[in-house]
Amino acid sequence: MFLNVAILVVVLVVALVLWSPRLYATKVWRAMTTPLASIIGSGFLVLGPVLDFSYGIHAPLVMLALCAGAYLFGAAIRYNMRALENADGEHETRFDRLVEHAAAASLGFAYIISVAYYLNLFGAFGVSLTAVNDTDHARLVTTAVYMIIVFVGWTRGFKALEAMEYASVTAKLAIIAGLLLGLGVYFYGRVADGGLIFNPPEQRGWSAVTLAFGLIVTVQGFETSRYLGRDYDTPTLIRSMRLAQWVSSAIYMAYILLIAYVFDLHGMKLTETAIVDMMAIVAPILSVLLVGAALAAQFSAAVADTSGSGGLFAELTRNRLTPRKAYALLAAVGITLTWSANVFQIISYASRAFAFYYALQAMLAASIAWRKEKSPLKAAAFAALALLGLAIVMLGTPVEA
C-alpha cells in the first residue's frame, strides 16, 4: 500500500515539473520532446519482457548494444544535418540527391509499418485488463482506431489530435519515473534477501544477434529531429537529438538493469503485454498506470506518424498522392498487417524498414565525408554503419512468443 502511494506521488511530482511553464519555455527541451517521445514509446513497454525472456542474464548487454547502435545511426543523421546546413549547393551530386530521395521514400514506408506497430500495441493494451483479453478483440480495437484516425485525417486534419503530444509525453515520462521507483524498491528487496534471479538466455549465438537486429525499432525515433526544421535551427535540433538519445539510453539501461534480475520466468508467458503482469507483482497500481501510458503513447505516436507520412508522400509524389489518399493507403496496409501478422512480426518488419532508412543515411554520410572532408576514416566508418543497416534489413528476425 505504501509503495502504491509513493509511486503515485512520484508520478504527480514529475508530471508537475514537466508541465511547468519554465521548462516548456526552454527551446532545447521543446525540441527534445518529439524524439524523446518517439524513442521511449511502444518499445519501452515491450522491450523489457522481450530482453528478459530472450537474453536472461545478458539482457543489459543487449540493451547497451541497441542503444549504442541507435546512437551511431543518430550520429550519421546529425552529420548529414550539419552538412546540409553548411552546403552551398555546388558539392551536391546526383548520387547524394538519389540517396536522399530514396531515404525519404523508405522513411515514408517505415512510417506505415510503425503506425501498424503502434496501433496493434494499442489494441493489445486496450483489452489487457478486460474480460475479452484475446488476439481477435485486440485486432478489432486496432481496426476501429485505424478507421477513426483516417476519418479525422480525411475530414478535419490532425491539428486537434496533435495537441495531445506534449500531454502524452508528460504523462508517459511521469509514469516511467513511478515505474523506476517501484522497480528500484523491488530490486533492493531482492538484493536484501539474497533473492536476485539469473535467468539463462533462451537465445544464443547467431540467433541472438539476428533477434537483436529485429528489435532496433524499439530504440528508433531520434530521426524525427531532422524533420522539425520549420520550428528550430539546425544546431538546436542536433543538440536536442543527442540529448534525447542520452536521456532515453539512461532510462532504458536503468529499466533493464532493474527488471532483468528480479523475475522468475518459469510459468510466465511472453506476450506483447507481459509487462502488465510483471508489474502487478511489483505494485498493483503500476499495471493500471502502464496501460494508461500505453494507450496515450500509442495513439499520439500513431497520429504523428500518420500525419508525417501523409505530408512526406505528398512531397515525394509532387502531390499526385495527396495526404488524404496516403492516409487511406496507410490504413489499408496497416489493417492487412493487423489481421495477417502478430505484434512481434510487425516489430521485426518495422525494424527492418527503419534500418534501411538508417543505412541510406549512413551511405549519404560516407559520400559526404569522402568528397567534402576528404576523410577516408570517417567515410569508412559511415560505410561500415551502412553495411550494418543493410545486415539488419536482411537478417533481422521476429521474437517467437
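The lining of the second largest pocket draws at least two residues from each of helix H6 (94-127), helix H7 (135-155), helix H12 (274-282) and helix H15 (343-371), helices being DSSP runs of H or I with at least four residues, numbered from the N terminus. H7 provides the largest share, four residues. This is a predicted model, in which local features need pLDDT of at least 70 and side-chain atom pairs count only at pLDDT 80 or more, whereas totals for chains, interfaces and linings use all residues. Residues are numbered from 1 along each chain as its sequence is written, and side-chain values use heavy atoms, without hydrogens and water.

The second largest pocket holds about 480 Å³ of space; among its 24 lining residues, Ala124, Thr135, Thr271, Glu272 and Thr273 are the closest to its centre. On a 1 Å grid over the protein atoms alone, a pocket is an open set of points with protein on both sides within 12 Å along at least five of seven lines, a cavity is a set where a 1.4 Å probe fits but cannot get out, and lining residues have an atom within 4 Å of a point. A volume is the space filled by probe spheres set on the points, which are joined across faces, edges and corners.

Three cavities of 30 Å³ or more are counted by this rule. The largest cavity, with about 70 Å³ of space, has a lining that includes Ile40, Phe44, Lys172 and Leu290, and H13 contributes the most to that lining, with four residues. In the second largest cavity, of about 50 Å³, H11 gives the most to the lining, also with four residues.
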